[in-house]
Amino acid sequence: MKVIDISRTIQADMEMYPGDAGPQVTKVSGLDEGDSYNISRITLGTHTGTHVDPPLHLIRDRAGIDRLPMNTLVGNARVLDLSSINRPIEASDIGPLEAGEIILLKGGPNDSDGSGDSGDSGDFGDLGVSDGSADSGSSGDPGASCGAYLSAACARYLIDIGIKTIGTDAISIGALDEEYEVHHTLLDAGIVVIEGLEMPDVEAGDYFLVCLPLKIANGDGGPARAVLIKEKE
């Protein structure tokens with residue numbers, strides 16, 4: 001089988017939501033300094049890089065990241081390639097869906113020069129793990145040009161269909177002028193949101209998704225490692 005890493009790499013100059021501080025990795029002890037081991041301290045926000053939005057992100061007294069059903073983040077998933085669309089995604093762009101699906105939206109390139117080049121891809125052993133990351137190293141307006149972002153009408157369509165999870169390679173799931181409404185609409189309906197995926201070389205189709213956010217007590221979000229698994233044909 002092939003395992004594709006669709007997570008962004010945590011690093012100091014990575015793309016962040018405007019106004020959010022980037023992560024800091026501070027060395028506490030190091031072999032090069034004569035210590036017996038390498039240890040670092042990480043400081044980062046709950047919505048850094050590839051991350052999951054639970055209902056508690058916007059709605060008081062709703063489920064936090066530690067209470068999300070695991071079947072919303074692990075299971076069969078469908079990748080839709082919408083990279084040719086440079087506007088908010090509408091229901092007609094997505095087409096027919098089925099209740100209970102996990103849908104991942106692939107939009108335009110997430111790199112700063114728009115090339116979509118993810119750099120070197122590693123191959124890790126017999127599992128065929130590849131690195132699909134392509135961090136931009138810059139911050140921009142959410143829902144501006146990079147990745148797939150939804151209109152409020154499309155968010156309501158997803159609720160009517162009854163999907164359980166929606167993921168995107170955009171830094172935010174909502175179009176800039178409807179961002180809060182899109183988030184609130186999805187989360188209030190119990191739809192789990194994954195943001196900041198990296199899928200420049202992922203083809204549209206069916207996969208098995210494993211997306212595991214940090215289990216933070218009452219967390220309003222959680223950075224996650226996400227992979228797609230594809231049985232070799």
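Partly exposed, as used in these legends, means a relative accessible area between the buried range, under 20%, and the exposed range, over 50%. All views show a predicted model.

**View 1. Asp 188 pairs with Arg 62.** The two residues form a salt bridge, with the closest N and O atoms 3.3 Å apart. Arg 62 sits in the loop between β4 and β5, and Asp 188 belongs to helix α3, so the pair ties together parts that are 126 residues apart in sequence. Arg 62 is partly exposed, at 28% relative accessibility. Side chains of opposite charge can pair when their charged atoms come close.

**View 2. The largest pocket.** Its volume is about 300 Å³. The lining holds 20 residues, and the closest to the pocket centre are Tyr 17, His 47, His 57, Ile 171 and Glu 195. Two elements give two or more residues to this lining: β4 (51-53) and α3 (179-188). Helix α3 supplies the largest share, three residues. By type, the lining divides into six nonpolar, eight polar and six charged residues.

**View 3. Arg 78 and Glu 101 in a salt bridge.** The closest N and O atoms of the pair are 2.9 Å apart. Arg 78 lies in strand β5, while Glu 101 lies in the loop between α1 (91-94) and β6 (102-106). The two are 23 residues apart, and the bridge links distant parts of the chain. Arg 78 is partly exposed, with a relative accessible area of 21%. Glu 101 counts as buried because its relative accessibility, 16%, falls under the 20% cut-off.

**View 4. Thr 165 beside Glu 101 in space.** The C-alpha atoms of Thr 165 and Glu 101 are 6.9 Å apart, although the residues are 64 positions apart in sequence. Thr 165 is found in strand β9 (residues 165-168). Its relative accessible area is 0%, so Thr 165 is buried.

**View 5. A nonpolar surface patch.** Ile 10, Val 25, Ile 42 and Leu 44 make this patch, which covers about 330 Å². Ile 42 comes from strand β3 (residues 39-43). With 52% relative accessibility, Ile 42 passes the 50% cut-off and therefore counts as exposed.

**View 6. Glu 33 and Lys 27, with other salt bridges.** Glu 33 forms a salt bridge with Lys 27, and the closest N and O atoms are 3.9 Å apart. Glu 33 is exposed, at 54% relative accessibility. Lys 27 is partly exposed, at 47%. The structure holds eight salt bridges. Arg 8, Glu 15 and Glu 198 are linked in a network of such bridges.

View 7. Asp 61 is not a glycine, yet its phi is positive, about 65 degrees. The residue is found in the loop between β4 and β5 (74-81). Asp 61 is exposed, with a relative accessible area of 69%. Asn 218, also a residue other than glycine, has a positive phi near 55 degrees. Asn 218 is placed in the loop between β11 (205-213) and β12 (222-230). A relative accessible area of 58% makes Asn 218 exposed.

Notes: Residues are numbered from 1 along each chain as its sequence is written. This is a predicted model: local features need pLDDT of at least 70, side-chain atom pairs count only at pLDDT 80 or more; totals for chains, interfaces and linings use all residues. Side-chain values use heavy atoms; hydrogens and water are left out. On a 1 Å grid over the protein atoms alone, a cavity is a set of points where a 1.4 Å probe fits but cannot get out, and a pocket is an open set with protein on both sides within 12 Å along at least five of seven lines; lining residues have an atom within 4 Å of a point. Grid points are joined across faces, edges and corners, and a volume is the space filled by probe spheres set on the points. Helices (H or I, at least four residues) and strands (E, at least two) are DSSP runs, numbered from the N terminus. Ala, Val, Leu, Ile, Met, Phe, Trp, Tyr, Cys and Pro count as nonpolar, Asp, Glu, Lys and Arg as charged, and the others, Gly among them, as polar. Patches are made of residues with over 30% relative accessible area and no salt bridge: like charges are joined within 9 Å, nonpolar side chains (Val, Leu, Ile, Met, Phe, Trp, Tyr) within 5 Å. Accessible areas come from the Shrake-Rupley method with a 1.4 Å probe; for residues, only the protein chains shown count as cover. A salt bridge is a side-chain nitrogen of Lys or Arg within 4 Å of a carboxyl oxygen of Asp or Glu. Buried means under 20% relative accessible area, exposed over 50%, partly exposed in between (1.4 Å probe, protein chains only).
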